[in-house]
Amino acid sequence: MRIGDAKQSYEADEAIWTSQTQKLWLGLFLLILLVFPFVVDSYLLYLGCLVGIAVISTTGLNILTGFTGLISLGQAGFMGVGAYTVAWLSINTALPFPVTLVLAGLMAAAVGILVGLPSLRVKGLYLAIATLAASVFLHFIFAEWESVTGGMGGLSLEPAHLFGLAFQSDFMMYFIIVPLAVLMVMAARNVFRTRIGRAFIAIRDRDISAEILGINLLRYKLMSFALSSFYAGVAGGLFAYFYRVVTPESFPLSMSIFYLAAVIVGGMGNLLGGILGAAFMTLVPEALKLLTAALTPFYPNAPVFMSPMLEIIFGALIVGFLIFEPHGLAEIWHRIRRFFRLWPFRN
Amino acid sequence: MSILEISNLSLSFGGVKALQDVSFRVPENTVTTIIGPNGAGKTSLFNCISGFYKPQQGTIRYQGEALAGNIKPPKRAALGLARTFQNIALFRGMTVLDNIKLGAHVHMKSGLLSALAYFGPARREEMAVRKEVEERIIDFLEIDHIRRQPVASLSYGLQKRVELARALAMQPKVLMLDEPVAGMNREEKEDMARFILDIREEWGVTVLMVEHDMGMVMDISDHIAVLNFGQVITEGLPSDVQNNPEVIKAYLGNSDIESLRKKLNAEGEAA
């Protein structure tokens, strides 16, 4: 229940977490994230890391597509740029992972700005096709620029390291990925408390009047591209450290579509939606596999029958969400919150 | 003294002449209204002043200096030319408060890095804007009860008021209002007229308005320019304009129906 949250200062009113209850839940959630790797098996730990990487990348794409209204199919390409940057740096230099990850993000941001240049002239589906072209182009570079990317064979890299400590296991990677994911989601939230975030949303809602109100469209569209691909680059860098091998096939076009789907299923223009969407898209296929395994003792033929069905069920789930929850998973959460707002007194 | 001076402005889209040799002036600290039938070119004129359309000929002088064609809309907004739109152009994905804060965008400076951290300059700047918006604008326009609501849920009259609030947050010197009371009921119109007069008197802002509601136009305007078929017919005090035979003709047509029909046909062929 949430009552008595009258504020006495603008500072308090502008805070993200405005009530004690919220802070309590947040603390609990962070505690769970902290305890999680100590209590789960290696499989769940692996999934936790994957969700963390997906959350970072989805949040990035959400900034661009959900908040700024620029549809991009280049996310996998930007992640690839980040991954190759990290791989190349870890092979050719001795830089620790915080530096390589930032450089991966900056490199991806630079590529993102280039890819975003057409966005001043083309919008909507046309922009999607322009970014698609960019992602095909990037894939071509990954496969053909052998002296840097290792061609089709790709690159293998050493584990991430810092102060002589090597992050070899999933367990250790978890403590890079998850805190970074939390930090980057918080940073994105901050952006949307300032003039920059408002400018992004204004461009999405009405670009022409945004310009007349004093927003430089090219500058903010490119800024959105840069920020979004920075997130993708960092996610790609983490991906490289996590799998320790990067090939052109690590970042197929279907991955871009995966992230776009995560943004849409989660809720466009909603950071919580990005997190839920990333978790949904990563975990549901795995949950379906577990379901198959659970059914096998009762129906020995389950794997034969289920394995082709998995993709279909997954697809049907997405379609179902789009029909019944067009505002995404985040809307379900908001409904639950509204229900408990004055509970148990009035609904 | 005139804060805005339009001289010999011409604008055409292909064969359509939206504005022909339009000249008039907006005296400082007045409510100046542009009236004229639909399609007379009033909104086109606003778009030229905003920098959204580029006129083929003529000059717009603002505070004594010519606004060159290469001064883009965002720059003009920063110079103090604010406006509202005929079909409300609020950002539907934002709350009332965020919409109004967005108006202050051009006067804010914080960059991406401090925004990501929400620390130091970005935070202080946001707080200053919040205070300004709350205490000067939201209070003045009496919209404190809706500040947290998404704009899409508001009534038409309130949306217009929020749009006015957003324009005021731009700290304008000239406030351009495109049909501020269109579609409002009597009470809402009276409120809006009161706000417009207060903006001129208390804020010292020059108001340039396009409006069809003649009752309100004659009541609150200090200066009126009449536009018809892209040309200025006359300008002057409300009482002068009201009795001008050209104006009556523009609104009611020629008494001779036949010549009016001929004229319309000729226009149609020309287009």
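Which residues are buried in helix 6 of chain B? In this predicted model, they are Lys160(B), Arg161(B), Val162(B), Glu163(B), Leu164(B), Ala165(B), Arg166(B), Ala167(B), Leu168(B) and Ala169(B). A residue is buried if 20 or more other C-beta atoms lie within 10 Å of its own, exposed if 12 or fewer, and partly exposed in between, with C-beta atoms placed from the backbone. Helices (H or I, at least four residues) and strands (E, at least two) are DSSP runs, numbered from the N terminus.

Residues are numbered from 1 along each chain as its sequence is written, while chains are lettered from A and ligands numbered from 1 in the order in which they are written. For this predicted model, local features need pLDDT of at least 70 and side-chain atom pairs count only at pLDDT 80 or more, whereas totals for chains, interfaces and linings use all residues. The model scores ipTM 0.83 and pTM 0.87. Chain B has a mean pLDDT (the predictor's confidence in each residue, from 0 to 100) of 87, and 93% of its residues reach 70 or more.

Helix 6 of chain B covers residues 156-169. Its 14 residues reach 20 Å from first C-alpha to last, close to the expected 20 Å. The expected span is 1.5 Å times one less than the number of residues. Because 10 of the 14 residues are buried, helix 6 of chain B is largely enclosed by the rest of the structure. Its buried residues pack against strand 6 (81-83), helix 3 (96-103), helix 5 (121-138), strand 7 (174-178) and helix 7 of chain B. Gln171(B) follows helix 6 of chain B, with a positive phi near 50 degrees.

Positive phi also occurs elsewhere in chain B. Gln63(B), not a glycine, has phi near 50 degrees. It sits in the loop between strand 4 (57-62) and strand 5 (65-66) of chain B. Gln63(B) counts as partly exposed, with 15 C-beta neighbours inside 10 Å. Glu179(B) has a positive phi of about 50 degrees and lies in the loop between strand 7 and helix 7 of chain B. Glu179(B) is partly exposed, with 19 other C-beta atoms within 10 Å. Most residues other than glycine have a negative phi.

Chain B is divided into domain 1 (1-80 + 172-271) and domain 2 (90-169), with bounds from an automatic or database domain assignment. Their C-alpha centres lie 28 Å apart. The contact (C-beta atoms, placed from the backbone, within 7 Å) takes 10 residues from domain 1 of chain B and seven from domain 2 of chain B. On the domain 1 side, helix 2 (73-79) and helix 7 (186-203) of chain B each supply at least two residues. Helix 2 of chain B gives the largest share, three residues.

The largest nonpolar core has 172 residues. Such a core is a set of buried Ala, Val, Leu, Ile, Met, Phe, Trp, Tyr and Cys residues joined through C-beta atoms within 7 Å. Ile177(A) and Ala165(B) touch the most other members. Helix 11 (217-243) of chain A gives the most, with 16 residues. Both domains of chain B give residues to this core, so it lies between them. Beyond its neighbours within four places in sequence, Ile177(A) is in contact with Cys49(A), Gly52(A), Ile53(A) and Leu238(A).

Between the chains, 27 residues of chain A are in contact with 33 residues of chain B. Helix 9 of chain A gives the most to the chain A side, with eight residues.

Note on methods:
Contact = placed C-beta atoms within 7 Å.
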